[in-house]
Amino acid sequence: MYLKSKENGGFADFIEKYPENGWYWITSDRLWDYFFDSQAQPMIDNDGAMQVISYARNAMQSESLSEDEVKVVKAVCLLLALNYLESGAGSRWHKPLLSNLRLMFTGTPIDKVLDNLVEKLESKQVLHVNELSGDKEFILPGRHIPNELRNEAENFVNSNHTFDRVLTSAGDEVYNVGYMKKFERKVVTLNGADLIRFAVKVQPFQSSKSTLSPIESLLKPYQIGVIIVLAFSDADREKALEKAKEIATKRTAVVVSLVPLGEEKWKEWKKYAIDWYCYEEMKETSQANYARTKTEEIMDSWFDRIASGDFMVFIPEKEPHSVRGIEKVKQELINFRTELFPAGPEKIDTTSTLYKPSYGKSVASFVLEPPTRIPSPYKELIQKLERDHVWSVDLSTVQSNHPLKKMQDLVDRIMEERNFDVPLIEIWERLQEPPFGLMPSPIGLFLFACVMKEYAQGYYVYDGKTTQELNANRMADLLTKVVKHDRGCEDLVIKRLTKNAQDFCKLMRETFSLTEAESTTPEEVRKSLKVKISEMHYPLWILEFDPEMLGYNSYKFCSLISKLQAFIFSEEVPNDDQLRAITELLGGTTGQYLARSFTKDRMSRCFAQFLTMQDENIASHMQKLNLDPNGVRDVLGYLLKEDASRWNQEEVVNRLPLLKTALLSMEALSAVCVSRINGLVEMESIFESRFPHRFSFEVYQIACDAGGSKELSEAFGVLQEVLRLPERLNKGDALKITESDIELVIQNASDLRTYLANPDIVIKVLASTWEQEELDERGGKEVFEKMLKMIDGTSLKDLGEEQVRELIGKAVGDLAINRLTLEIREKWRSLTGTLTVENWEERHKMPIQWALDDDTLKGCIKDIRALHNLPESKLVDILDILKDRAADLSKLSDESYLLPKFVATIMPAYAEVLDDLNSMSQLRDHIYGRMEKKKPAEWSDSVSTIQKFAREWLHRRYREAVARNVQQMLMQMHGEELKSLIANEVENNTELGLALYECLRRREGG
């Protein structure tokens, strides 16, 4: 149709008008003319495509468009319409892209000017262009935005998008792209050392809504602060210039851009920001992307103007001056850095990799213990230092202005001023400050290692807990930890051993048999001796009581012990005078004696001597308890609640009376338990294991009082307090017993033990007192066993008087019931020959009630079935009945009595017919077998069934068991009497009548 039609745009129309206005090509705009140029409504069912057609018809009526521009608009709109019709999923060649548009006009005059035509159409707002990766996408200007939505967007942008916030936001908010990051990448391009040295803050400034603040207090010691001010308007720029003079101090430079954004550009930015907001809400992604791109272009254009524009630079102690271009600003900052850090690492090497953020211990090791091969850039750095004659030399002897020489001089001066006792972090912090400015970086760690190398040998490090001798490897660890500011770096202190300290460590190592590692420094000696003395389990001063010390200068020895105690348990760092005083005392025979005496055995003997000197009675208690000095030491340790090595002599003496009480208490408990007691801690456990089923002391005292033994009652009360002694000592409570009280326990130990070990004795006394029940030995034991079952896991010692009283009452009652129950069962067995009623029924194969005629006996049997649920009074009644009716009950074992009773119950009409016991027994066996699923006790409810089974058996056994007896009975009757009987029976007994009728017929027929 297209090829034949002469309609506008058709191929025939093109041939007829060819060439038209000097145009020799049939291009895609002719397709647009053919399909859409008329004002007729196209037959297209697609809203997007219809919007494109409508927009194109209106746009092309504009007189501002050239003929070529119209051709481009038609081609673009054709692509847009196709894209809508294919729902965006069609061929790539149908996408509204610049690359496709270029193909449409390839080889035509438009081809060479296409980019210019697109730019003009965009500037005239006829087409919008979105940048894509390597291409451009065409979109039409957005459709009308509702007034309500536009007002909402304006309020949002005005409220949330101030000049300051737009520039400084990180870019993670809605409708924000992180302009500050873009500015820093585009304008503030720092690298290498400058990236660490300069702390740059870009500060947007709009005087009505923001202020300029100093950043000096936020800087690290090695940093230079740089504030770059971006003004909103000309007026804001002038105010920023005034404020900059105030905040450019010490290590902070202020750089003010003289190129403000301007009110007009800000309004334009806000216009596109509002469009962005609206189109996002309207779900028009392409339009939203276009608006966003325009906001970025506005800021990017401003940043470019700033970078090439003028700046006013404010540097401390210099006159403000203007420079053009950001590169000139950077040079100004580098000059400022050189003045502030003239001995900084940048003077040595500016290689970027030496300032990277990742580094480790190996960097320090390149200096302290260099490997055979050193990698770049450290190899080149070392070569530079070699050329400057500051590598592998004693820097203290070098005459040079080299930065490394100056750093070494500073470190050496600090060490000397602080008497070679300096926190490592303090040295690092001083090297970070001007004029050096070492920063956390590979070169910072490298140079730090250079100036600390001489301190890696002959020194040691203290970390607040332990002391270690320094070597190259350990120093590399420490320096890395400090530069990285790892946890604990503030505690690291570098120290040097003085001559006195060295002598002290040597003598202490010899005296106390310490290893090299345990005695590298006085601090390490102190830590090691704390462990050594603690392992002895005695205080060092106990050696003053050695009876063998008579041949030595006791005053000098005691003075040595006193000074050693003060040194070992002090938290202060010892000075040279203190160390020299101990060293002098350790010399000669005094030190030799201490070395020989520092053994567990010798200290144990000294402790025994000390105790004897203080109180001779303690030795008596030790002997009775079979305790050696170490055992008494452990008891004393329990009283003092402190490691024996830290005992204070005066405090020990003050505690000796309490020690005697504790030992006497252990002696008393040992006498009661007949067990060895080694310490207070085990008193309770030994007592409880010895008497696991004891009562509470309250119960024992009640039993003793009831038995008239007041002294024994008091002894139980004291024994309770003896067992509470460890608890009272722990809490610091006053003791409630005296030595004489404890003696009472010892005197009554045997009786106490008897009561504690034999609870039945207590039960017998209490049963008599509370229940008026006199129990024999067996009864007491039975009651005790019952009580244990009743408490079910609860300990008797935890029960009070009322609970024990209730238990004994119940157990005594249960005991009487048990005895009656046993007596009843024994009586039943003697009368019936069976153990129980159920056993009798199984043996005789019948319910026992069928054998009884007396209601009293029937009721008694019923009760015997439920003996365990009956009260004591009922059991007494049962036993009386069994005794009174013994003659009647003895029949229950006689089969000649039982079998007739059985037949009379189930077949009373045939009782006289079944008169032999054998038949009766067979009938009973038959019934028992048929009732196998029911016990005889359950038969009473099944009498009719049983009678049915009996008749069945009778029919089968008629001739054997019944017929002979019937014949005998009939033969004994007279004729008329017999006739009358038969006539009466056949009238009512159908079965008998029919049988007799059949018999008579046979007789007549014969």
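pLDDT is the predictor's confidence in each residue, on a scale from 0 to 100. The structure shown here is a predicted model, and its protein chain averages a pLDDT of 86.

**Confidence**

- A pLDDT of at least 70 is reached by 94% of the residues of the protein chain.
- Among the elements of the chain, helix α1, residues 11-17, has the lowest mean pLDDT, at 67.
- The highest mean pLDDT, 97, belongs to helix α18, which spans residues 424-432.

**The second largest pocket**

- The second largest pocket holds about 550 Å³ of space.
- Its lining is formed by 21 residues, of which Y84, I139, L140, S286 and Q287 are the closest to the pocket centre.
- At least two lining residues come from each of α3 (47-59), α4 (67-85), β2 (135-139) and α13 (285-308).
- Helix α3 makes the greatest contribution to this lining, with four residues.
- Sorted by class, the lining of the second largest pocket comprises 10 nonpolar, seven polar and four charged residues.

**The pair α28 and α29**

- Helix α28 covers residues 629-640 and helix α29 covers residues 649-673; their axes come within 9 Å and cross at roughly 115°.
- Because angles of 65 to 115 degrees count as roughly perpendicular, α28 is described as roughly perpendicular to α29.
- The crossing in which α28 passes α29 is right-handed.

How values were computed. Residues are numbered from 1 along each chain as its sequence is written. This is a predicted model: local features need pLDDT of at least 70, side-chain atom pairs count only at pLDDT 80 or more; totals for chains, interfaces and linings use all residues. Side-chain values use heavy atoms; hydrogens and water are left out. On a 1 Å grid over the protein atoms alone, a cavity is a set of points where a 1.4 Å probe fits but cannot get out, and a pocket is an open set with protein on both sides within 12 Å along at least five of seven lines; lining residues have an atom within 4 Å of a point. Grid points are joined across faces, edges and corners, and a volume is the space filled by probe spheres set on the points. Ala, Val, Leu, Ile, Met, Phe, Trp, Tyr, Cys and Pro count as nonpolar, Asp, Glu, Lys and Arg as charged, and the others, Gly among them, as polar. Axes are lines fitted to C-alpha atoms, for helices over the stretch in contact, and angles run from 0 to 180 degrees between N-to-C directions. Angles under 35 degrees count as roughly parallel, over 145 as roughly antiparallel, 65 to 115 as roughly perpendicular and the rest as oblique. A crossing is left-handed if the near helix is turned anticlockwise from the far one by less than a right angle, and right-handed if clockwise.
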